[in-house]
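Keep the model open beside you as you read.

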Amino acid sequence: MDSVRLIEQWPVDNAATAVVRADGTVLGAHGDTARVFPLASVTKLFTAYTTLIAVEEGAVDLDQPAGPEGSTVRHLLAHTSGLGFSEHKVLAPAGQRRLYSSAGFEQLADALAEHTGIAFDTYQNEALFQPLGMHDTALKGSPGSGAESTVDDLVRFATELQTPSLVDPSTLDAATQVAFPGLTGVLPGFGHQKPNDWGLGFELRDHKDPHWTGKNSSSRTFGHFGQSGTFLWVDPDAGVACVTLTDRAFGPWAARVWPEFTDAVLAELA
């Protein structure tokens with residue numbers, strides 16, 4: 001794929017990317033795909049998926065209480081627990097606002113540790129990273145923002161997000177549908193969105209504008225981006241996923257080049 005070479009034009013020191021089909025076939029890659037990068041909020045995808053595994057194992061239930069009063073595991077996953085961004089402070093009643101919250105994912109991990117009886121990072125490694133062969137991926141800090149990984153490892157995860165083997169496909173399908181529809185809120189870096197649709201840990205493209213994916217990304221596209229200059233999206237209609245990692249913090253440069261890059265990838269595949 002020629003489009004993956006567009007990362008050479010980005011104002012970053014290091015970048016790596018790959019495009020992968022649902023069967024794990026890498027259609028194109030560029031850069032050092034074995035380089036370890038901090039993921040920032042792309043970490044939330046790991047935490048969400050670990051939670052789905054725990055739900056299927058019967059260790060937790062989506063509707064059991066977790067986080068602030070009135071909140072559940074489902075609320076924490078969908079950023080509707082009422083917690084603030086980084087402080088463990090309640091700003092709204094559960095279920096009433098879409099408040100993007102890394103603190104909520106920390107409380108989510110605490111709930112999983114409590115109900116599984118296993119430290120969250122240990123459980124995540126044994127339930128997610130090891131089975132997928134993600135040997136260069138680790139949680140080094142907050143379950144909301146503290147993981148590091150490589151493009152090679154994230155290709156394995158992106159394949160799992162297209163053809164799940166660790167959870168039932170219906171579980172992932174439900175997690176990538178709108179949870180608590182109709183709520184407005186701020187998509188970090190892209191302003192107020194009405195509605196600000198979110199799944200269970202997965203940010204949904206839907207009809208948001210502006211957005212970090214492409215103008216031609218399907219409305220069913222889901223994934224996450226991170227403030228460390230990273231993103232992972234899955235476009236079910238296109239039948240592919242894309243992973244891109246950089247070493248420059250998110251900013252106007254990323255909001256400009258990421259959608260262009262995504263549209264170039266989709267156009268080449270079409």
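**A walk through the fold**

Helix α6 supplies the largest share of the lining of the largest pocket, namely three residues. Helices here are DSSP runs of H or I with at least four residues, strands are DSSP runs of E with at least two, and both are numbered from the N terminus. Before going further, please note that this is a predicted model, in which local features need pLDDT of at least 70 and side-chain atom pairs count only at pLDDT 80 or more, while totals for chains, interfaces and linings use all residues. Residues are numbered from 1 along each chain as its sequence is written, and side-chain values use heavy atoms, with hydrogens and water left out.

Back to the pocket. Its volume is about 370 Å³. Among the 21 residues of its lining, D173, T176, R220, F222 and P236 are the closest to the centre. Two or more lining residues come from each of α6 (169–175) and β10. Sorted by class, the lining holds 11 nonpolar, six polar and four charged residues. In that count, Ala, Val, Leu, Ile, Met, Phe, Trp, Tyr, Cys and Pro are nonpolar, Asp, Glu, Lys and Arg are charged, and the others, Gly among them, are polar. A pocket is found on a 1 Å grid over the protein atoms alone, as an open set of points where a 1.4 Å probe fits, with protein on both sides within 12 Å along at least five of seven lines; lining residues have an atom within 4 Å of a point. Points are joined across faces, edges and corners, and the volume is the space filled by probe spheres set on them.

Strand β10 leads us to a sheet. Six strands make up this open sheet, in the order β2-β1-β11-β10-β9-β8, with antiparallel pairing. Two strands count as paired if DSSP finds at least two bridges between them. At the edges sit β2 (26–30) and β8 (203–204), each pairing on one side only.

Now follow the sheet strand by strand. β1 and β2 run antiparallel and are joined by four bridges, with T17 opposite H30 of β2. These two strands form a hairpin with four residues between them, and G24 in its turn has a positive phi of about 90°. β1 is also joined to β11 by seven bridges, again antiparallel; here T17 has T244 as its bridge partner.

Next come β11 (residues 240–246) and β10 (residues 230–235), antiparallel strands joined by six bridges. Along this pairing, T230 partners L245, L232 partners V243, and D235 partners V240. The two strands form a hairpin with four residues between them, where G239 in the turn has a positive phi of about 75°. On to β9, which pairs with β10 in the antiparallel sense over five bridges, with G226 opposite T230. This hairpin has three residues between its strands, and G229 in the turn has a positive phi of about 90°.

How are the side chains of these strands arranged? In a regular strand they alternate between the two faces of the sheet. In β10, T230, L232 and V234 point one way and F231, W233 and D235 the other, and all are buried, that is, under 20% relative accessible area with a 1.4 Å probe and protein chains only (exposed is over 50%, partly exposed in between). Because six of the six residues of β10 are buried, this strand is largely enclosed by the rest of the structure. In β11, V240, C242, T244 and T246 point one way and A241, V243 and L245 the other, and all are buried.

Helix α5 (residues 151–160) lies across β1 (15–21), β2, β10 and β11, at about 25° to β1. Eight of the 10 residues of α5 are buried, so this helix is largely enclosed by the rest of the structure; L154 and F157 are among them. Helix α7 (residues 252–269) lies across β1, β2, β9 (222–226), β10 and β11, at about 35° to β10. The angles run from 0 to 180 degrees between N-to-C directions, using axes fitted to C-alpha atoms, for helices over the stretch in contact, where contact means heavy atoms within 4.5 Å. E260 is found in α7 and is partly exposed, with a relative accessible area of 48%.
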